[in-house]
Amino acid sequence: SHGAPAAAPAHAGIRSSDVLPFLLLLLRSDNELAQFEAALALTNLATLGEDVKDAIIRKRGWNDLESLVASENPKVRMAGTGGLCNLVTSERILKEISSKSDKGKRHVHLFLVLSQSEDSDTVQYAASALANLSAFEPALELIAEGEGNGLSKLVELLKHGEEKIMHPAAHTLLSLLQDDPNGKWTRRCLELGILPPLLLLRQTLSPQRPCHQVAVELLELLAKTQGTPRTTAEAIERGGGMRTGEKREEEEEEEEGR
């Protein structure tokens, strides 16, 4: 799974229940350094299991971290996003997303917005949160259709240039296109230009890299769709332009038949 990196483990003699109230007080302070350090500590605590995640959320830690992502300080914003990333797979948050309630929609919407941030660490955590959510079927439509067009944001992340961001974005897209029975999301991704960045990842990354492996899986999946993605991919590799839309796909098929 994808998540915000954990800091060094807390001392064995200190229980999370002992430090949680103190960290939440710091999180709610006006001191940005205190907010930053407390958010990093909560990010670490959230890796300790479901009980700890639930305790953080019950004590309004999720709401406090959400308030940090609106901070003008990029470091505070990044730390808040990291905490939310590690809490998003908690049973309580997944239940809200599963209900398709306004609250659940806002959770997904927030990560789509944060994935467009200027700070690469914030983008990584947001993209990782979406990748983790993509393993949860009720979240898929909210990701694909959210924030105007979630698919366009994910395809843009494939072009980001940093593997730590491109990998979770590719992972999310793979989950979406594997659960696309009517092909609507697949066609949309092709129109958005998903093939060139995938081909670039396949050509430039070592085959041992997880991002390379996901890119190859995506290309193989697209190659099975309507028979056109493989043709388009081969055309791009030969230096040809990318053409999208059903009308142009039909033209390609006619050309092949001649």
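Reader: OK, and what's the provenance?
Author: This is a predicted model, where local features need pLDDT of at least 70, side-chain atom pairs count only at pLDDT 80 or more, and totals for chains, interfaces and linings use all residues. Residues are numbered from 1 along each chain as its sequence is written, and side-chain values use heavy atoms, with hydrogens and water left out.

Reader: Back to His107: buried or exposed?
Author: His107 counts as buried, at 2% relative accessibility. Buried means under 20% relative accessible area, exposed over 50%, and partly exposed in between, using a 1.4 Å probe and protein chains only.

Reader: Which side chain does the His107 side chain make a polar contact with?
Author: That of Glu96, at 2.6 Å. A polar contact is a pair of N or O atoms within 3.5 Å; within protein, one must be able to donate a hydrogen and the other to accept it, and residues adjacent in sequence count only if both atoms are side-chain atoms.

Reader: Which helix does His107 lie in?
Author: Helix H7, residues 102–114. Helices (H or I, at least four residues) and strands (E, at least two) are DSSP runs, numbered from the N terminus. The buried residues of H7 include His107, Val108 and Phe111, and the buried residues of H7 pack against helices including H6 (91–98) and H8 (120–133).

Reader: How covered is H8?
Author: Mostly: 13 of its 14 residues are buried.

Reader: And the largest nonpolar core, which residues touch the most other members?
Author: Leu42, Phe111, Leu133, Leu173 and Ile194, out of 73 residues. Helix H11 (residues 163–178) gives the largest share of this core, eight residues. A nonpolar core is a set of buried Ala, Val, Leu, Ile, Met, Phe, Trp, Tyr and Cys residues joined through side-chain atoms within 4.5 Å.

Reader: What does Leu133 contact, beyond four places in sequence?
Author: Val88, Leu94, Ile97, Val108, Phe111, Ala139 and Ile143.

Reader: Last one, how many helices and strands are in the protein chain?
Author: There are 16 helices and zero strands. Of the chain's 258 residues, 48% count as buried.

Methods. Expected span 1.5 Å × (residues − 1). Contact = heavy atoms within 4.5 Å.
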